[in-house]
Structures are given as structure tokens and as C-alpha cells.
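Me: Hi! I would like to learn how to read a protein structure, one feature at a time. Could you take me through this one?

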Amino acid sequence: MLTIKEVLNSTAFGGTAPVYIIASDNNCYILKFRMSDEGLDIQNFNEFIGYQLSEKLNLDISPQKMKVIELNDTGLDLLEEAFRATRITFESIRYARQSLGPNICIERLEKVEKSYKVKNETFLSKMRLVDNILMNRDRYKENPNILKNLNKERYYCIDYGLSFLECRVYEKIVDNTIDRHLLGLYSCDALKYRMYLYKGSMYKAKLEVKCFEDTIIEIIDSMPKIWEPLKYRDIIIDLLIGRFAQKLDNNDECPVELY
């Protein structure tokens with residue numbers, strides 16, 4: 001497993017105050033911490049599924065490498081040193097101090113910028129498919145979470161951390177009220193949310209439900225075993241399979257009581 005070799009600086013974006021690092025393989029990554037305001041491991045869990053799902057379905061919308069990285073005492077010391085040198089923010093070190101163990105890191109892309117107008121409908125339709133399966137509506141006018149290469153017409157989908165309706169689904173699992181919402185959650189169209197920026201048709205994945213089930217189980221079972229949301233493994237698997245099996249773009253918006 002990767003470890004931190006050098007800490008560069010905090011990013012200018014991201015709910016977990018991510019940090020640019022050089023990892024033990026000498027490549028540059030964005031380190032996303034286990035801890036977030038949503039709780040331990042929730043955003044990392046969501047990101048892991050998003051990046052892995054787009055890869056396993058051969059969608060080529062998030063081709064940047066996503067890896068698990070161990071934050072050990074030595075790595076935390078490097079982050080503390082970077083904080084004292086004002087290279088990373090207080091928010092970054094606050095999350096880091098609560099994130100020992102397996103975190104995720106995502107390959108840093110060079111020569112990219114935020115893209116608000118995407119001139120590639122195939123890319124958008126594939127992104128909508130993953131977003132809708134994961135109930136990820138976190139693509140707004142102010143923050144589209146799509147990057148564009150400055151030298152060519154190449155787009156990159158980023159940031160699945162607020163999937164499952166801004167993580168509200170987890171709240172319903174924890175407070176034991178998820179059952180009353182499952183019927184709506186299996187089939188609702190998450191992209192009908194009024195602030196979702198890229199409304200349109202979804203890509204039709206040529207994959208049988210059983211193959212999708214095997215893919216989701218493979219993804220989730222490859223995660224670090226100590227990640228907290230794995231306590232809800234069976235519910236999440238069932239929910240994702242149910243959503244893939246439905247025609248999500250012909251249904252109502254997700255239950256209003258989950259907003």
C-alpha cells in the first residue's frame with residue numbers, strides 16, 4: 001500500500017480539505033482524508049465506488065488513478081510539519097489527525113481547468129449514468145466537478161464524495177428509517193434535482209443485472225475492511241443493484257424528505 005513521501009500543499013477545493021502529496025511510488029496525488037463532516041470514511045467510500053464503477057463499466061470518464069494510501073504516524077508527522085510551515089490549512093490538518101489508516105488518493109491531473117460547458121454528449125451521458133446510480137447530484141453551476149484538459153477536448157469527471165443524496169441515505173440507515181424510503185430510492189431519478197447542472201439522457205450500459213451485481217460486490221469487497229460504511233454493505237449493495245435494474249430516467253425525483 002502507498003504511503004506519504006512528501007506533503008506539498010492543500011488544494012483549493014474539496015469538502016475534506018484534500019492535500020497534494022508525493023506518494024511512495026514518486027507520483028503526485030490528491031490525498032482525500034477518511035474523516036469529513038459527513039463522518040468517518042463516508043466520502044472515501046463514495047469516491048471509491050464512483051471511480052471504480054466508471055472503470056469497471058469501461059466508461060472512460062474518470063480515468064485518473066485512484067489508490068488506497070496508508071496514513072501512518074510518519075505521514076501524519078509530515079502533514080504536521082507542512083501545517084507548521086503554512087503549506088496546508090488548519091482544516092486539512094484537522095481532518096488528517098482523525099484519519100490514520102487507509103485513505104484514498106487520486107492522480108493529480110496537470111494542465112486542467114474547471115469546465116462549465118462540456119461539448120461532448122457521450123461523456124455527459126456516461127457521467128449521468130454513474131451519477132444517477134450513485135445518487136450523486138453534486139454538480140452545480142458554481143462547482144461542476146468536471147475538469148477539461150487545456151490542450152485538447154478531453155474531460156475528466158471528479159468528486160463522487162457526496163453521493164447517496166449528499167450522504168443522507170447513510171443517516172436513514174443509521175437511524176433505522178431506511179426501509180420506509182427504499183421503494184422510492186430504488187427507482188427515483190436523482191438528476192431531476194433542480195440544481196444538477198448537466199440534465200439530459202443517460203448512457204445505456206450493455207450489462208446484465210447479474211453482471212452489475214457481481215461488479216458492485218467486487219468493488220465493495222475490495223475496500224479496506226475497516227471503513228465504517230461497510231457495516232451497511234448489504235443495504236448499499238441491494239440499493240445499487242436495485243437502481244441499476246430500474247429505468248432511472250423515467251421516474252420522479254428522489255424522496256423530498258431525504259433532502
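Me: How do the residues of the lining of the second largest pocket divide into nonpolar, polar and charged?

Reply: One thing to keep in mind from the start is that this is a predicted model. The lining of the second largest pocket has 8 nonpolar residues, 1 polar residue and 4 charged ones.

Me: What is the volume of the second largest pocket, and which residues are the closest to its centre?

Reply: The volume of the second largest pocket is about 210 Å³. Its lining is made of 13 residues, and Leu129, Lys204, Ala205, Phe244 and Gln246 are the closest to its centre. Two helices, α4 (121-134) and α9 (233-245), each supply at least two residues of that lining.

Me: How much space lies in the largest pocket?

Reply: The largest pocket holds about 520 Å³ of space. A total of 28 residues line it, and those that lie nearest its centre are Phe13, Ile30, Lys32, Ile158 and Asp159. Sorted by type, the lining of the largest pocket has 12 nonpolar, 7 polar and 9 charged residues.

Me: Which element gives the most to the lining of the largest pocket?

Reply: That is α1, with 3 residues. At least two residues of this lining come from each of β3 (28-32), α1 (42-56), β5 (101-107), β6 (112-114) and β7 (146-149).

Me: Now the strands, please. How do strands of a sheet pair?

Reply: The general idea is that strands of a sheet pair through backbone hydrogen bonds, and the pairing is either parallel or antiparallel. In this structure, 5 strands close into a barrel with mixed pairing, in the order β1-β2-β3-β5-β4. On average, neighbouring strands of this sheet are turned by 50 degrees against each other, direction ignored.

Me: Which way do β1 and β4 run, parallel or antiparallel?

Reply: β1 and β4 run parallel and are joined by 2 bridges. You can find this pairing residue by residue: leucine 2 has isoleucine 69 in β4 as its bridge partner, and threonine 3 stands opposite glutamate 70 in β4.

Me: And β1 with β2, parallel or antiparallel?

Reply: β1 and β2 run antiparallel, with 5 bridges between them.

Me: Over how many bridges do β4 and β5 pair?

Reply: Strand β4 (residues 66-71) pairs with β5 over 6 bridges, in the antiparallel sense.

Me: What is the order of the strands in the open sheet?

Reply: The open sheet has 3 strands in the order β6-β7-β8, with antiparallel pairing. Its edge strands, each pairing on one side only, are β6 and β8 (155-157). From one strand to the next, the twist averages 30 degrees. Between β6 and β7 there are 3 bridges in the antiparallel sense, and valine 112 stands opposite asparagine 149 in β7. A helix belongs in this picture too: α4 lies across β7 and β8, at about 5 degrees to β8.

Me: Where is arginine 154 found?

Reply: Arginine 154 is in the loop between β7 and β8. Leaving aside neighbours within four places in sequence, arginine 154 is in contact with Asp60, Pro63, Leu147, Lys148 and Asn149. Arginine 154 and asparagine 120 are 34 residues apart in sequence, and 8.9 Å apart in space from C-alpha to C-alpha.

Me: One last feature. What describes a pair of aromatic rings?

Reply: Such a pair is described by the distance of the ring centres and the angle of the planes. The structure holds 9 aromatic pairs. One of them is edge-to-face: phenylalanine 48 and tryptophan 227, at 5.8 Å centre to centre with 85 degrees between the planes. This pair links distant parts of the chain, 179 residues apart, with phenylalanine 48 in helix α1 and tryptophan 227 in the loop between α8 (209-221) and α9.

How values were computed. Residues are numbered from 1 along each chain as its sequence is written. This is a predicted model: local features need pLDDT of at least 70, side-chain atom pairs count only at pLDDT 80 or more; totals for chains, interfaces and linings use all residues. Side-chain values use heavy atoms; hydrogens and water are left out. On a 1 Å grid over the protein atoms alone, a cavity is a set of points where a 1.4 Å probe fits but cannot get out, and a pocket is an open set with protein on both sides within 12 Å along at least five of seven lines; lining residues have an atom within 4 Å of a point. Grid points are joined across faces, edges and corners, and a volume is the space filled by probe spheres set on the points. Helices (H or I, at least four residues) and strands (E, at least two) are DSSP runs, numbered from the N terminus. Ala, Val, Leu, Ile, Met, Phe, Trp, Tyr, Cys and Pro count as nonpolar, Asp, Glu, Lys and Arg as charged, and the others, Gly among them, as polar. Two strands pair if DSSP finds at least two bridges between them. Axes are lines fitted to C-alpha atoms, for helices over the stretch in contact, and angles run from 0 to 180 degrees between N-to-C directions. Contact means heavy atoms within 4.5 Å. Rings of Phe, Tyr and Trp (its six-membered ring) pair if their centres lie within 6.5 Å; planes under 30 degrees apart count as stacked, over 60 as edge-to-face and the rest as tilted.
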